[in-house]
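Subject: Structure for you, with notes on its helices

Hi,

Here is the structure I promised to pass on. Please open it alongside this email.

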Amino acid sequence: MSRRWFITGGTPGGFGVAFAEAALETGDRVVLTSRRPQELATWAEQYGDAVLVVPLELTDAAQVQRAVRAAEEHFGGIDVLVNNAGRGWYGSIEGMDETSLRAMFDLNFFAVLSVTRAVLPGMRARGSGCIVNVSSVAGLVSAVGFGYYSATKFAIEAITDALRDEVAAQGISVLAVEPGAFRTNAYAGFTNEPVAKSIPEYHDMLEQVRAAFVGMDGVQPGDPRRGARAVLAAMAQDPPPRRLVLGNSGYDAVIDALEQNLADIRASETLSRSADFPA
């Protein structure tokens with residue numbers, strides 16, 4: 001039976017379009033949101049009535065409600081929500097300006113909550129649905145120079161885990177997806193984004209971070225189309241996984257970090273267990 005998708009963050013060459021194309025390949029129908037919907041006009045034409053592109057500024061809660069209502073009215077409901085939109089700013093923990101910090105949380109975290117809370121009533125009423133929250137490898141492994149970006153994605157991981165258990169009885173599944181380095185336009189902006197000079201002690205570190213991302217732009221190993229198809233394959237499993245890390249380097253980084261964390265926790269087991277009142 002044809003499913004109805006609502007996907008945020010539609011940009012040419014990005015994960016949003018890759019998710020949409022993967023869904024359309026299976027005969028599903030898609031609502032794709034974008035801040036610049038005109039960029040998707042030619043792409044959408046080839047799919048006719050199976051695609052609806054909706055303009056959406058995700059940090060505007062009223063627009064989110066209108067976009068969800070438009071999707072539900074157009075296709076009769078939303079079966080799959082993909083919270084894909086997001087962006088990463090780089091900077092030190094001490095030095096990143098508060099405007100950028102709050103803007104990143106507004107887009108990467110609070111906007112995800114707004115969309116999810118708008119879509120859930122319809123899913124609950126039907127007793128079925130699937131929510132895919134696109135996190136990041138940085139949501140499991142914090143990255144130097146991207147501490148605040150990592151914090152937004154760690155927050156997504158926490159919300160996803162809690163939501164999964166809260167809505168399971170309603171027939172709704174929830175999947176966290178953690179892509180590594182994928183060949184989208186996500187790194188393109190680093191070329192024109194100079195290192196902030198507010199705290200000189202961090203300048204060299206941040207310049208190295210920036211240079212690394214500029215160097216990776218266009219040669220990232222991850223293929224968004226293959227990544228999107230892997231997510232659909234995971235969704236089809238019974239039961240579906242709780243999370244799916246995408247990409248070889250991302251998988252290796254996550255496994256290594258989790259094993260190090262587990263070893264570190266176990267090394268302090270005696271101290272951990274000493275903190276309770278005596279039996």
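This is a predicted model: local features need pLDDT of at least 70, side-chain atom pairs count only at pLDDT 80 or more; totals for chains, interfaces and linings use all residues.

Let me begin with α4 and α5. Helix α4 covers residues 98–126 and helix α5 covers residues 147–167; their axes come within 9 Å and cross at roughly 15°. Because of that angle, α4 counts as roughly parallel to α5. The crossing of this pair is right-handed. On the α4 side, the residues in contact are L101, M104, F105, N108, F109, V112, L113, T116 and L120, and they meet Y148, Y149, A151, T152, A155, I156, I159, L163 and V167 of α5. By type, the residues of this contact split into 15 nonpolar and three polar, with no charged ones.

Helix α4 also packs against α3 (residues 61–75), here at an angle of about 35° and with the axes 9 Å apart. The crossing of α3 and α4 is right-handed. From α3, V64, Q65, V68 and E72 touch S114, V115, A118, V119 and G122 of α4. This contact is made up of five nonpolar residues, three polar and one charged.

Then there is α1, residues 15–25. Ten of its eleven residues are buried, so the helix is largely enclosed by the rest of the structure. Among the buried residues are F15, F19, E21 and L24. Just after α1 comes G27, with a positive phi of about 90°.

Best wishes

Note on methods. Residues are numbered from 1 along each chain as its sequence is written. Side-chain values use heavy atoms; hydrogens and water are left out. Axes are lines fitted to C-alpha atoms, for helices over the stretch in contact, and angles run from 0 to 180 degrees between N-to-C directions. Helices (H or I, at least four residues) and strands (E, at least two) are DSSP runs, numbered from the N terminus. Angles under 35 degrees count as roughly parallel, over 145 as roughly antiparallel, 65 to 115 as roughly perpendicular and the rest as oblique. A crossing is left-handed if the near helix is turned anticlockwise from the far one by less than a right angle, and right-handed if clockwise. Contact means heavy atoms within 4.5 Å. Ala, Val, Leu, Ile, Met, Phe, Trp, Tyr, Cys and Pro count as nonpolar, Asp, Glu, Lys and Arg as charged, and the others, Gly among them, as polar. Buried means under 20% relative accessible area, exposed over 50%, partly exposed in between (1.4 Å probe, protein chains only).
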